[in-house]
Amino acid sequence: MTRYLHVLIALGIFSALPVTATAFDSLGQDAARNAVAKVAPSVVQIETVGGNDRVGEFAVGTGPTTGLLIDDEGYMVSSSINFAHSPSGILVRLSDGRRQAAHLVATDHHRKIALLKVDTADLPPAPVFADGKQVRVGQWAIAVGRAFDAQHVNVAVGIISALDRVWGKALQTDAAISPNNYGGPLINLRGEVVGLLVPMSPASDEEVAGVEWYDSGIGFAVPSDQVLQAVNRLKAGEDLHGGLVGMSIKKSIAMSGPAIVSSVVPNSPAEKAGLKKGDRIVRVGETNIGRSAQIKYELAARYAGDAFNMLVRRGDETIHCDATLVAKLEPYWCPVLGILPERQESEEKGVLVRLVLPESPAARAAIVSGDRIVSLDGEPVADAADLRAQIARRKPAEKVTLELETPAERKKLDVQLEVTATTLPDTLAIPVIDPEAKPGREISLTLPERKNEIKAYLPKGYAEDRQHGLLVWMRSVTDEPGKMGLWKQHADGRGIIVVLMEPSSKERWLPGDADVVRDVLRLCKKRYSVDPNRLVVGGQAGGGALAYRTAARQRDELSGCAVLDARLTGSRITDHPDNPFRLLIGRSDKSRLAEGLDRAADLLRKGGLPVITLPRNGAPDRLTDQDTAAITRWIDLLDEI
Amino acid sequence: MTLSRSTTTCTIRRVLFFLLVTVAAVPARAESSLNKTLRQVQPAMVKVYGAGGFRGLEAYQSGFLISPEGHILTAYSTVLDTTMLHVVLDDGRHLDAKLLGGDARLDIAVLKVDAEGLPFLDLDKAAEAEPGTPILALSNMFGVAMGNEPVTVQQGVVSIVTDLDARRGTFEIPYTGRVYILDAVTNNPGAAGGALITRDGRLLAMLGKELRNARNNTWINYALPVGELRPSVDAIMAGERVVAGIDLGRPKAVRPLTPRALGLVLVPDVVPRTPPYVDAVLDDSAASEAGLRPDDLIVFLDDALVPSCRALYDELQYRDHFEVVRLTVLRDRQLLEVELSAEGKVARQ
């Protein structure tokens, strides 16, 4: 009998299943309705008056948006995008119909949260916030807004699609998230707030980033615990920003390689923490770092002002670094005195002034050629490299005290540093050349496995015991080849080795030619006596575009780049105190690129790079004697201090 | 307890038979809810083909039968702008259709085909929805279904039941009445005229056209409740070709109010959204008596938000000189309400 009882019980359970499937519809609907009803009293409608009509390219909507009360003191949160237009007045409609004036307390620009406050007592109840640890992928999630009707909320239903999106800042849901519910709560079936709905993008931190994904099936909500943490900080009235460190990590496939520092921004938290190029980061906070991709995950969610520590390996040493993140990385502007130092090495300490540049801080301080700078702010100066490195670490507008030895006397001077001139001087004295000096000569260079024709010109008086400038030049393909004649006289005068490189293809410069440039530089540095302060790649038109891209890639091995009427594409080059870099842009009014070049120059200057824009008369794709004169003159300035 | 062998075998057979029947019944019962609904509703769905077929204007849309004699409810659109209008029924039959009449305000139309005994959705049995009501939307969006293929079914919920904002320029259609805003992506080519139903098969509404909400620059998915369109449908079926509908255009005032008339001088209107700050209050005016001051920010005119000077001037065009208006201003983070009239300087706070 017991056997049959088991069978009957099994049958009973079996036949109950389909009933459950139909019943769930109405059960689910009731649960959803109750959940929404539970949170609706805390959901407010926000309207704004005034403000800009556009935020970037985004036209500002005029409709109401949504907010969420969070406590009984009158604090409420919304999405920062609802206030990106800087309104003059913010009006809030509470769920009970009352209109209140609200003011913006502070904004979390990193998590896109705006904290508002109304000054009124007797508020509707605050919502219940869900326990973040209980949120699971696949759970029902309902997005609630009050963007249509002040009396009724609008709902969109979906699930939790993912946790820890956007570098750990957001939950992802497939409910329809849009301006109809930005600033409102994402709730679970218990009516608890799991997150605050905001537009967000993993690719950009801009105010309106992510709005283009509205109603797409991908929506984001800042998890409740992160919202409340941000609110605690925002109550003080200070905006929050994402934190920056100021270092780049060496690229590897899928960022799976070790976290090796490839560059450190001057005056950044990374530099202040003692990080150096080549260090391998092995630990950030509590997390051991195995792959470089982990670095971004550890740091991207933190705020400016947050402190953290790292362990790095430098050779055999393990070093502890403490860093505090900042909101903005300041560009580095290299200050200068405006002198060109004597290039010949000597036993004497200090820096012998070869030339003083016109209208420079040194000129204003009445420093002249022949003066010897022996100390800077009381500390003796060893040589030009030493003085250059020290001045580079100061800031423009800083005053320094120099001690000078002149033929007549020893004196102290105060000089106020400035950034280098943005225009090229019309003339620059050429040293007198010994007429008996060895004449200049052309040499053909051959590189193994490279088809490009390469001709080098060693200037008159070239000697192994002297250092010379080096220019690798790539002509416009529509210009005639073999214009070494235009370079020779100037190369002689200024002691510059000129290397003319032909493209591998007759029609245009190919990306592969960049590798040839690299090989040429390596060869010349090995074979000839080259001044590391005057190492330049350059070109005209297509050759110039290649030159710039090569310079960006091999920036640390070069001192500068000179381009004529060339399109500048590729990464932005910045200056660095340990590795100075300058750019010369020759630009003809006849060129289609003229406006774009001016804009590019402005942008690069804003990033701190010393850029000289040179107007030129020649055709955009023809090299002239004026060009070669100007470029060689500019190269002669590259060792300015 | 022991049973005789034959009895035991018999009982076991009976139990097994019962088991089989129950197991066979299980899938049938699980099929019942959604499939049953669709098997009832799909036969009434219609694919409409007409004019169009070039950029932005499709030559197809959706519709559904509302009478056994072949009345079809669909959207009033450019697709119907042809004498060669035809429909394809759920069973694949092609029929020529005639436009009986339309309502330009509601954007609905009724077609007629020559047939009898057709399956239809009964407007009398329509239901009403509320926010969160689960819905199914049936339509031939993108013209995917051809011949006797059933139209596309989508699931979602009603997001909110609301009136389309009556403020000018918000929506590009003249209708500003009650709609269901849907949490389902129905805002697609060819979906207009489709049916919105509950999961148990009751008709709720007709799917609307592709519409953009200018107030926040988003596309909205909406449907017209049966209750709203019933009067027009009845009128058309009774013989009215073009239903005029109520003209909802607000008339401008014959002698409109200006801020000056109330005693207010606003700041110069220089940018698109210049906030309506009071620059000066004229002596001996309604505004001065009401206690308004320079630097007050006007935020509401009666119940309308005035987000800019331009909005305030526009809104005042609809207020006559003799009317009493209620201004709400923002001063030192407080809201103050005053009532003003240009005539007789009535000022009650």
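The model is predicted, so to speak of a local feature takes pLDDT of at least 70 and side-chain atom pairs count only at pLDDT 80 or more, while totals for chains, interfaces and linings use all residues. Residues are numbered from 1 along each chain as its sequence is written, chains are lettered from A and ligands numbered from 1 in the order in which they are written, and side-chain values use heavy atoms, with hydrogens and water left out.

**Chain B overall**

- Chain B has five helices and 22 strands; these are DSSP runs (helices H or I, at least four residues; strands E, at least two), numbered from the N terminus.
- Of its 349 residues, 50% count as buried, meaning under 20% relative accessible area, with exposed being over 50% and partly exposed in between (1.4 Å probe, protein chains only).
- Take the chain B contacts (heavy atoms within 4.5 Å) between residues at least 6 apart in sequence: 61% of them join residues at least 24 apart.
- Carbon and sulfur atoms hold 54% of chain B's accessible surface, which comes to about 16,800 Å² (Shrake-Rupley method, 1.4 Å probe; for residues, only the protein chains shown count as cover).

**A glycine in chain B**

- B:Gly92 sits in the loop between β4 (86–89) and β5 (94–103) of chain B, and is partly exposed at 23% relative accessible area.
- Leaving aside residues up to four places away in sequence, B:Gly92 touches B:Gly147 and B:Asn148.
- From B:Gly92 to B:Ala304 is 212 residues in sequence and 52 Å in space, C-alpha to C-alpha.

**Where A meets B**

- 47 residues of chain A are in contact with 49 residues of chain B.
- About 4,100 Å² is buried between the two chains, 60% of it from carbon and sulfur atoms; buried area is the accessible area (1.4 Å probe) that two parts lose on being put together, summed over both.
- Two salt bridges cross the interface of chain A and chain B, each a side-chain nitrogen of Lys or Arg within 4 Å of a carboxyl oxygen of Asp or Glu.
- A:Arg99 and B:Asp303 form a salt bridge through their side chains, at 3.7 Å from N to O.
- On the chain A side, the elements giving two or more residues are α1 (2–39), β1 (43–49), β6 (89–93), β7 (99–108) and β10 (154–164).
- The biggest giver there is α1(A), with eleven residues.

**Salt bridges within chain A**

- Over all chains, the rule counts 58 salt bridges.
- A:Asp205 pairs with A:Lys169 in a salt bridge at 3.8 Å, N to O.
- A:Asp205 is in the loop between β13 (193–198) and β14 (219–223) and A:Lys169 in the loop between α2 (165–168) and β11 (170–173), so the pair ties together parts of chain A 36 residues apart in sequence.
- Here A:Asp205 is partly exposed at 43% relative accessibility, whereas A:Lys169 is buried at 4%.
- In the salt bridge of A:Glu442 with A:Lys488, the closest N and O atoms are 3.2 Å apart.
- A:Asp627 and A:Arg616 form a salt bridge with closest N and O atoms 2.7 Å apart.
- Both partners are buried: A:Asp627 has a relative accessible area of 3%, and A:Arg616 is at 6%.
- Shared partners join A:Arg450, A:Asp515, A:Arg518, A:Asp519, A:Arg522 and A:Arg553 into one salt-bridge network.
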